[in-house]
Structures are given as C-alpha cells and as structure tokens.
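Okay, thanks for coming, everyone.

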Amino acid sequence: MQKKVWFVGAGPGDPDLITIKGLSLLRNADVLIYAGSLVNPVLIARSDAKTKLDSWGMDLEDLVLVMENAVNAGKTVVRLHSGDPSLYGAIVEQINELEKRGIAVGIVPGVSSLFAAAAALGTQLTLRGVSESLIVTRPAGKTLEHDQIGELSRHGATMVIFLGTEKLGEITKNLNCPPDTPAAVVYHASWPDQKIVRGTVKDIAKKTIDKGIERTALLVVGGVLDPEKWGHTRSYLYS
Ligand SMILES: C[S@@+](CC[C@H](N)C(=O)[O-])C[C@H]1O[C@@H](n2cnc3c(N)ncnc32)[C@H](O)[C@@H]1O
C-alpha cells in the first residue's frame, strides 16, 4: 500500500461538521495528530487511534518524524486541522517535508470557521447589490510583518479577518471604509458557547472588549450584515 498521511479538516468546532470522508479516516486512523484547542475533544474521542497526539508546541521536525516513523511502520496517519486546512493551516511546510521523504499526502477539506460564522450571522458573504466579492485576510502580528488590510478594505467587498481578535482596535482603525459599515465578531462559531457581537466599524472593537472576547473569533465587515440598508436586490435566480 502507498505510504500516505491524510490532512483532514476537522470543521469549526461542532463535531458533526466534519465530512463523512474525514470522519471515516479519523475513526480508522492508527495515529491521530491534532491541532490543540481549536479541535473539539468530542471528535478526538470518536477516533479509535492507539496514538493521539496534540501538536501544540511541537516543531516541524518532530511532527514530521512522528508521521514518517508511523507511515514506515505501515500505520495510517491522520493529521487533523481546525476548519479547512487550506486557510492558515501551515500544511504546505509539512507536505514538503513528507514528500522529500517519499511520503504522499491526501487532503480532505473541512468546513472553515468562516462559513460557520456566516451561518451564525444568518447571512450570505456575497449578496446581489451589496458585494459580489469576499476578502479573507489577517492582520500583521508575531508571524507576519505587514498586512494589507488597509488597501484591501477600499473595495467595498465583504471582509473576513482571521487571527485578529486581540487587536480589533488597531484593525478597525486601518479599515478604509465608511465608519458606519456593519461589522460583527463571531467567537467560537458553532461551539456551544458561541457568541456574536454586532456593530459597525466604529464601535465593534469596544463592544467586543466589553463582552470579554479576546481570542478565537472572526471579524466580518460589510454591507451583507445589514442587507436592506446596503442595497440588496433580489437575485435573478427568483425572477
Ligand atoms: C490558525 S487559524 C485556523 C483557521 C481554520 N483553518 C479555519 O478554516 O477556520 C485560527 C483562527 O481561525 C479563527 N477561528 C478558528 N475557529 C474558529 C471558530 N470556531 N470561530 C471563530 N473563529 C475561529 C480565529 O480567528 C483563530 O484565531
């Protein structure tokens, strides 16, 4: 059998939001490596894997060595990433190292937290007459020197900003869109303790701090959060 490591999207938190293929791989894995606090422990418990390893704090070399040894011993390895692995998942570094060692990979997509946030907000991210485009981005921080939030916000597109909960004040100051543009923060989308804060670009940072939300949230910005006021027109689909 071909040596292979599976990268599987765990979904945003609700353990039932993993794909059927992802769940089947997870259940039958011999070795399960998962990305810490963003993956629901209920999902981990659904796996029969003899080895279950939280990758928090592990460096790339250690991770790859664990995967390599397991695959060489004929074991099935599943690497579980939160949401969808293609967004801020840092899987390419792992894939490159595995391929250098002759180990192939398979990727099973997952439901990103961005879609769980849209569902929680009860809206579309693209909406006729309001925005036909979606920008997914993140602020500068420890692992990113410069961001593009200022320039990207000039287009009137819906924006979803990851990895920025603790710097919402800075982010919203950099946004080049009208201060009354609707904004929302979704904390722990699809988890039982999900919280939603709604406001505008002007006040969303303060409202979020007042609710005590400091991490694991997405900032959504755009007229799609208040469609009637921002020019929503009925889709041709219904004409
Ligand atoms: C390393 S990124 C991983 C994103 C993931 N690949 C995805 O598709 O959702 C982690 C960031 O995603 C966001 N995030 C992850 N899960 C979330 C959730 N359930 N609700 C809101 N934001 C979430 C937060 O901004 C968090 O800081």
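**The ligand and its surroundings**

So, let's start with Ala189: one of its backbone N or O atoms lies 2.8 Å from a nitrogen atom of the ligand. Keep in mind as we go that this is a predicted model.

Ser82 also points us to a ligand nitrogen, with a backbone N or O atom 2.9 Å away from it. Then there's Ala217, where a backbone N or O atom comes to 2.8 Å from a ligand oxygen. And how much of the ligand does the protein bury? On its own the ligand exposes 570 Å², and 91% of that gets buried by the protein.

Okay, where does the ligand sit? It's in the largest pocket. Around the ligand we have 18 residues, and the closest ones are Pro12, Leu87, Ser113, Ala189 and Ala217. If you sort that shell by class, you get 11 nonpolar residues, 6 polar and 1 charged.

Now, on to salt bridges. How many turn up across the whole structure? The search finds 7. One to look at is Glu97 with Lys100, whose side chains meet at 2.8 Å, N to O. Those two sit 3 residues apart in helix H4, residues 92-100, so about one helical turn separates Glu97 from Lys100.

That's my bit, over to you.

Technical notes:
Residues are numbered from 1 along each chain as its sequence is written. This is a predicted model: local features need pLDDT of at least 70, side-chain atom pairs count only at pLDDT 80 or more; totals for chains, interfaces and linings use all residues. Side-chain values use heavy atoms; hydrogens and water are left out. A residue is near a molecule or strand if one of its heavy atoms lies within 4 Å of it. A polar contact is a pair of N or O atoms within 3.5 Å; within protein, one must be able to donate a hydrogen and the other to accept it, and residues adjacent in sequence count only if both atoms are side-chain atoms. Accessible areas come from the Shrake-Rupley method with a 1.4 Å probe; for residues, only the protein chains shown count as cover. On a 1 Å grid over the protein atoms alone, a cavity is a set of points where a 1.4 Å probe fits but cannot get out, and a pocket is an open set with protein on both sides within 12 Å along at least five of seven lines; lining residues have an atom within 4 Å of a point. A molecule sits in a cavity or pocket if more than half of its atoms lie within 2 Å of its grid points. Ala, Val, Leu, Ile, Met, Phe, Trp, Tyr, Cys and Pro count as nonpolar, Asp, Glu, Lys and Arg as charged, and the others, Gly among them, as polar. A salt bridge is a side-chain nitrogen of Lys or Arg within 4 Å of a carboxyl oxygen of Asp or Glu. Helices (H or I, at least four residues) and strands (E, at least two) are DSSP runs, numbered from the N terminus.
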